[in-house]
Amino acid sequence: MRRASFVRKPPRLAETCKLREASPVRPWPLFFVVAALLAVSCSKKESPPTTTETTRNPTPSVSAKPGWLTSYEQAQKEAQANHKLLLMDFTGSDWCGWCIMLDKEIFSKPEFKEYANKNLVLLELDFPRGKKMPAEITAQNERLLMKYGVQGFPTVVVFDSEGKPLGALGYQAGGPQAFIAQLEKLRKG
């Protein structure tokens, strides 16, 4: 007859505190799900354009909205020469929902365009995901993004004609009238 030897194990934390013991975490199923998602998302490769696509759109390039500049230096010179405010729109024009709403509800409206013609120099600093930008424009936009500490899109930074920052705006409801009222507050200080 064998004698049972009992080795006393130290009590578990759950036993000493009279807590319900949780089941052990098994990370493998979660790991496999995350790995599968990463593999699928990283494996999507764009197919080369067909000949009909290339003839329709030979090179996707930068194109600002009508009336908007893409060169910071040119915009600064125009603002100073014409004594107008410089409005810099940091946008993700092809992916940012709020940016698209800002453009549709404010920037594309006749009231805003009329106000802008009289009072503003408009600079679009775009960070698209689906269209190519010239390297010098991309570098300029990144540099300005860092310089002005832009954290999200859309961000509209307004300067006086001498280059002094007056303030920053984002999307706001109320259409062009509300946006113009905010610009006037910034102008008057």
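The report below goes from aromatic pairs to charges over rings and then to a hairpin.

This is a predicted model, in which local features need pLDDT of at least 70 and side-chain atom pairs count only at pLDDT 80 or more, while totals for chains, interfaces and linings use all residues. Residues are numbered from 1 along each chain as its sequence is written, and side-chain values use heavy atoms, with hydrogens and water left out.

**Aromatic pairs**

Rings of Phe, Tyr and Trp (the six-membered ring of Trp) pair if their centres lie within 6.5 Å; planes under 30 degrees apart count as stacked, over 60 as edge-to-face and the rest as tilted. The count by this rule is eight aromatic pairs. One of them joins F107 and F112: the ring centres are 5.0 Å apart and the planes stand at 50°, so this pair is tilted. Another aromatic pair, Y148 with F159, is edge-to-face, with 5.2 Å centre to centre and 65° between the planes. Y148 lies in the loop between α7 (135-147) and β3 (155-159), whereas F159 belongs to strand β3, so the pair links parts of the chain eleven residues apart (helices, H or I, of at least four residues and strands, E, of at least two are DSSP runs numbered from the N terminus).

| Residue | Relative accessible area | Class |
|---|---|---|
| F107 | 4% | buried |
| F112 | 1% | buried |
| Y148 | 26% | partly exposed |
| F159 | 2% | buried |

F107 and F112 also belong to one aromatic cluster together with W68 and F179.

**Charges over rings**

A charge sits over a ring if NZ of Lys or CZ of Arg is within 6 Å of the ring centre and within 35 degrees of the ring normal. K65 is found in the loop between α3 (51-56) and α4 (72-82), and at 16% relative accessibility K65 is buried. Leaving out residues up to four places away in sequence, K65 has contacts (heavy atoms within 4.5 Å) with D89, D103, F107 and E124. R129 lies over the face of W95, 3.8 Å from the ring centre.

Strands pair if DSSP finds at least two bridges between them. β3 and β4 (residues 165-169) run antiparallel and are joined by four bridges; V157 has A168 in β4 as its bridge partner. The two strands form a hairpin with five residues between them, and G163 in the turn has a positive phi of about 95°.

Conventions. Buried means under 20% relative accessible area, exposed over 50%, partly exposed in between (1.4 Å probe, protein chains only).
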